[in-house]
Amino acid sequence: MRKILSESLKFYQKYLTLLGFGSCRYYPTCSEYAKWQIQTNPNIIKALFSSLLRILRCNQFFNGGIDYPKISCKHFSAIQVSNRVSNIKFWYVPESDGCKVIKNIY
C-alpha cells in the first residue's frame, strides 16, 4: 500500500504539479508532506488523515508557512546510530505532542 501511494505521489509531483506550480502555501509542499507521512508514520490511516487535513488547510484562509509532519514517538524503542550523516534519511525532533519529521538534505 505504501509503495502504491508513494508512486502515485511521485507521478503527481513529476507530471501534474505543472498545472498549479507555486500554489502551495506551506513548506514542505503538500505532496512532499504526504510523501514524508507515508514513509515515516507507522499507521498508514493516520498518515493519510494527516495528509488530507494538510491539503484542506492549503487555501487562502490559512497563512501557510513551515509545517513539518508530526508522528507519534511511541514506536521508537531504540536509537540507531550511524557513523555517517548521509545514511540518515529523516531526523525525528521530539516535541511535547510527538515528533517532527525533517528530511535530511545530505
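Predicted model: local features only at pLDDT ≥ 70, side-chain atom pairs only at ≥ 80, totals over all residues.
Visitor: How much of the chain counts as buried?
Guide: Of the 106 residues in the protein chain, 26% count as buried. The chain exposes about 7,800 Å², and carbon and sulfur atoms supply 61% of that area.

Visitor: Let's step back to the fold; how many helices and strands are there?
Guide: The protein chain has 3 helices and 5 strands, and along the sequence they follow the pattern α-β-α-α-β-β-β-β.

Visitor: Changing topic, how many salt bridges does the count come to?
Guide: The count comes to 8 salt bridges. One of them pairs Lys3 with Glu7, with the closest N and O atoms 3.9 Å apart.

Visitor: Where do Lys3 and Glu7 sit?
Guide: Both belong to helix 1 (residues 2-16), and because they are 4 residues apart there, about one helical turn separates them. Lys3 is exposed, with a relative accessible area of 61%, whereas Glu7 counts as partly exposed at 37% relative accessibility.

Visitor: What about Asp67, which side chain does it meet in a salt bridge?
Guide: The side chain of Asp67 meets that of Arg57, at 2.6 Å from N to O. Asp67 lies in the loop between strand 2 (65-66) and strand 3 (70-71) while Arg57 is in helix 3 (residues 44-57), so this pair ties together parts that are 10 residues apart in sequence.

Visitor: Is Arg57 buried, exposed or partly exposed, and how does its number read?
Guide: Arg57 is partly exposed, its relative accessible area being 25%.

Visitor: And Lys100, which residue does it form a salt bridge with?
Guide: Lys100 forms a salt bridge with Glu95, where the closest N and O atoms are 3.4 Å apart. Lys100 counts as partly exposed at 25% relative accessibility, and Glu95 also counts as partly exposed, at 33%.

Visitor: Which residues are joined into one network there?
Guide: Through salt bridges that share partners, Lys70, Glu95, Asp97 and Lys100 are joined into one network.

Note on methods
Residues numbered from 1 in each chain as written. Heavy atoms only, no water. Helix = DSSP H or I, 4+ residues; strand = E, 2+ residues; numbered from the N terminus. Buried < 20%, exposed > 50% of the residue type's maximum accessible area, 1.4 Å probe, protein only. Areas by Shrake-Rupley, 256 points an atom, 1.4 Å probe, with all protein chains shown as cover. Salt bridge = Lys/Arg side-chain N within 4 Å of Asp/Glu carboxyl O.
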